[in-house]
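Open the model in your viewer and keep the selection tool ready. This tour goes stop by stop: what to select, and what is there.

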Amino acid sequence: MNAEYAIEVRGLSKIFKGELGQKDVTALSSLDLNIEAGQVFAFIGPNGAGKTTTIKLLTRLIFPTTGRIRIFGRENSSPEAMRKTGYLPEQPGVYGYLTGKEFLDYIGRLFHVPAALRKKRRDMLLDTVGIAYAADTLVRNYSRGMVQRLALAQALINDPQLLILDEPMANLDPVGRKDFRDLILRLKDEGKTIFFSSHILSDAETIADQVGIINRGELMSSGGMENLLSLQSPEVEIAFILPEDKIPGLSLPENFSTGAGGRVRVSVEQNNVKETLGNIEAWGGSLVSIVPGSRTLEAVFLDKIGR
């Protein structure tokens, strides 16, 4: 195993015993992962794919059936490895009868952060996640988005080298999601490693350096985002304009999308481009653009999980 990796997983499996008369459930099967230090890693998959199970294994909330995990070269059973880790669960549990300031102070005490440093970090993090104005407000009066921001602050109170986030943007509005994305990139610039799961593929595509796609407990693909999306789509998008008075008389195929002003768009296979251009000329149209297709994370994801 290599100490240069922030997370290194080998042969990780988790089988949950079935209830009386029920079959055992394999939630994770022989997972291998290498996540480089200082990278943002997006872990994506459909519901029930094994994302949260993996995260709970990484953070020792549950224990593997087989396999091993190392964090910065140390077994994750090591207190030193856990001290370097911050964790945001999918459904944060916070104490509603404490204020935001009191809650962060409490979490800092659990990590044995000295009082003066704890106060400094507490106030800084409340400002960083955008809820300093609610520092003295009881958490039970927070909105879901505010709770999510507070939970991120508690994950950072120990100044971790590794941040593990389970669906960190699930309860946020568009402004909150952008704030979280920007913060994750700032943390990366500070040298931290971020492992996050998400259903929001556009967020993952925007900020991740590496991505892992998991389905039914098995890792379908893992690697650099740039390499994953570098292959061109076999389709080409063609945009052109037709005389509006001619459109009603033409039998355009269903994949032709018409808009205002006679504008038309169509995606065709590369070997059909010449034929389509010939049809446009015959219809009296004028070409606007020809754009080679590129793969999106959503397209790769759907391809990998076979849907």
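Select Tyr95, Tyr97, Tyr106, Leu110 and Phe111. Together they make a nonpolar surface patch of about 520 Å². Patches are built from residues with over 30% relative accessible area and no salt bridge, joining like charges within 9 Å and nonpolar side chains (Val, Leu, Ile, Met, Phe, Trp, Tyr) within 5 Å. Accessible areas come from the Shrake-Rupley method with a 1.4 Å probe, and for residues only the protein chains shown count as cover.

A word on the ground rules. This is a predicted model, where local features need pLDDT of at least 70, side-chain atom pairs count only at pLDDT 80 or more, and totals for chains, interfaces and linings use all residues. Residues are numbered from 1 along each chain as its sequence is written, and side-chain values use heavy atoms, with hydrogens and water left out.

Stay on Tyr97. It is found in the loop between β6 (85–88) and α3 (100–110). Helices (H or I, at least four residues) and strands (E, at least two) are DSSP runs, numbered from the N terminus. Is Tyr97 buried or exposed? Tyr97 is exposed, with a relative accessible area of 58%. The cut-offs are under 20% for buried and over 50% for exposed, with partly exposed in between (1.4 Å probe, protein chains only).

**Strand β6**

Next, pick Tyr87, which lies in strand β6. Contact means heavy atoms within 4.5 Å. Leaving aside neighbours within four places in sequence, Tyr87 is in contact with Ile55, Thr59, Leu61, Gln154, Ala155 and Ile164.

Go to helix α10, residues 297–304. Which of its residues are buried? They are Leu297, Val300 and Phe301. Look down the axis of α10: these buried residues fall within an arc of 100 degrees, so they line one face of the helix. The arc is that of the directions from the helix axis to the C-beta atoms. An α-helix has 3.6 residues a turn, so residues three or four places apart point the same way.

Now show what covers that face. The cover of the buried residues includes β3 (40–44), α7 (201–207), β9 (210–215) and α8 (225–229). Leu297 shows this residue by residue. Leaving aside neighbours within four places in sequence, Leu297 is in contact with Ile44, Leu201, Ala204, Glu205, Val211, Met225, Leu228 and Leu229. Past the helix, stop at Gly306, which follows α10 and has a positive phi, near 75 degrees.

**Salt bridges**

A salt bridge is a side-chain nitrogen of Lys or Arg within 4 Å of a carboxyl oxygen of Asp or Glu. How many salt bridges are there by this rule? The count comes to 17.

Start with Asp123 and Lys119, whose side chains meet at 3.5 Å, N to O. Both lie in helix α4 (residues 115–128), 4 residues apart, about one turn of the helix. Asp123 is partly exposed at 31% relative accessibility. Lys119 is also partly exposed, at 46%.

Then select Asp203, Arg177 and Arg181. Arg177 and Asp203 form a salt bridge at 3.1 Å, N to O. Arg177 lies in helix α6 (residues 174–189) and Asp203 in helix α7, so the pair ties together parts that are 26 residues apart in sequence. Arg181 and Asp203 form another, at 2.7 Å, N to O. Arg181 also lies in α6, so its pair with Asp203 in α7 ties together parts 22 residues apart in sequence. Asp203 is buried at 1% relative accessibility, and Arg181 is buried at 19%. Arg177, at 21%, counts as partly exposed.

**Two positive phi angles**

Finish with two arginines. Arg60 has a positive phi of about 65 degrees although it is not a glycine. It is found in the loop between α1 (51–58) and β4 (66–71). Arg216 has a positive phi of about 50 degrees, and is not a glycine either. Look for Arg216 in the loop between β9 and β10 (218–224). Arg216 is exposed, at 74% relative accessibility.
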